Each structure stands twice: as C-alpha cells, then as structure tokens.
Amino acid sequence: MNHHQIDGVSRRDALQRGLSAIAGVAIVRVTGSSAYAASNQLAKTAVQYADVGNVAGKDCDDCIQFLPGKTANDLGTCKIVEGDISPHGHCLAFSAKPKS
Ligand code: SF4
C-alpha cells in the first residue's frame, strides 16, 4: 500500500463519518417534526368528549392519556385530545391506566 492509498482510505473514512453525522441530524429533524405532528390533537367532538363522564371508573383521571393539572381536581390535558380536560371527563378514546 503506498501513501496515496492510505490517504484515500482515510479520506473515505472521514467522508463516511461526515455522512453519518449528517444522517444523524436528519434523524433528529424527522423526529422533531413527528413530535410536532403529534401535537395535532383530536377535536373533543371527534371523540365525543364530555366534561363529566357517565361511566363509573372510566374518568379521564383513570385514563393513560390524561396529564393531570396542579391538583387532582384541576383541569388537566390529554395526550391525544385537544384543550383543557377535566379529570372527571370521558371520551371514546378512553384507555384504562394499568393498575399499579
Ligand atoms: Fe379523557 Fe379521552 Fe383523553 Fe382519556 S383519551 S384522558 S378519556 S379525553
């Protein structure tokens, strides 16, 4: 192997690393934009959200999608439904929290 070839190999390596770095940035960008897309939440009407659920034990505060407010009685938010969400609300997308 003469000096020229060694140089060529290391340049290819450097180029490869450069491309990987660029690919890494691209992945971060894609992830970022899909996180942004995830903020396009469902309308309350689309999931028939009601502030007061009429199904015992299936309130928003029993749902894995619920993000509580400051206290257990404050309005919270939902990972998939837009706007303020009552801990006592309910919607079609209800999904029970696993019992801990
Ligand atoms: Fe409430 Fe529906 Fe969100 Fe569950 S998915 S927290 S039931 S609004």
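Predicted model: local features only at pLDDT ≥ 70, side-chain atom pairs only at ≥ 80, totals over all residues.

**Stop one: the ligand**

Select the ligand and the residues around it: Tyr49, Cys60, Cys63, Gln65, Phe66, Cys78, Ile80, Val81, Cys91, Ala93 and Phe94. Residues are numbered from 1 along each chain as its sequence is written, and side-chain values use heavy atoms, with hydrogens and water left out.

Colour this shell by residue type: 10 are nonpolar, 1 is polar and none is charged. Ala, Val, Leu, Ile, Met, Phe, Trp, Tyr, Cys and Pro count as nonpolar, Asp, Glu, Lys and Arg as charged, and the others, Gly among them, as polar.

**Stop two: Gln65**

Select Gln65, found in the loop between α1 (3-38) and β1 (66-67). Helices (H or I, at least four residues) and strands (E, at least two) are DSSP runs, numbered from the N terminus. Is Gln65 buried or exposed? Gln65 counts as buried because its relative accessibility is 17%; buried means under 20% relative accessible area, exposed over 50%, and partly exposed in between (1.4 Å probe, protein chains only).

Now show its contacts (heavy atoms within 4.5 Å). Apart from neighbours within four places in sequence, Gln65 touches Thr77, Cys78, Lys79 and Ile80.

**Stop three: Asp59 and His88**

Move to Asp59, in the loop between α1 and β1. Asp59 has a relative accessible area of 17%, so it is buried. Draw a C-alpha to C-alpha distance from Asp59 to His88: it is 4.9 Å, although the two are 29 residues apart in sequence. Leaving aside neighbours within four places in sequence, the contacts of Asp59 are Gly53, Pro87, His88, Gly89 and Phe94. Phe94 is also one of the residues around the ligand.

**Stop four: Gln48**

Select Gln48, which is in the loop between α1 and β1. Gln48 is not a glycine, yet its phi is positive, about 50°. With 57% relative accessibility, Gln48 counts as exposed.

**Last stop: the whole chain**

Switch to a cartoon view. How many helices and strands does the protein have? There is 1 helix and there are 2 strands, in the order α-β-β from the N terminus. Of the 100 residues of the protein, 18% count as buried.

Terms used:
Near = heavy atom within 4 Å.
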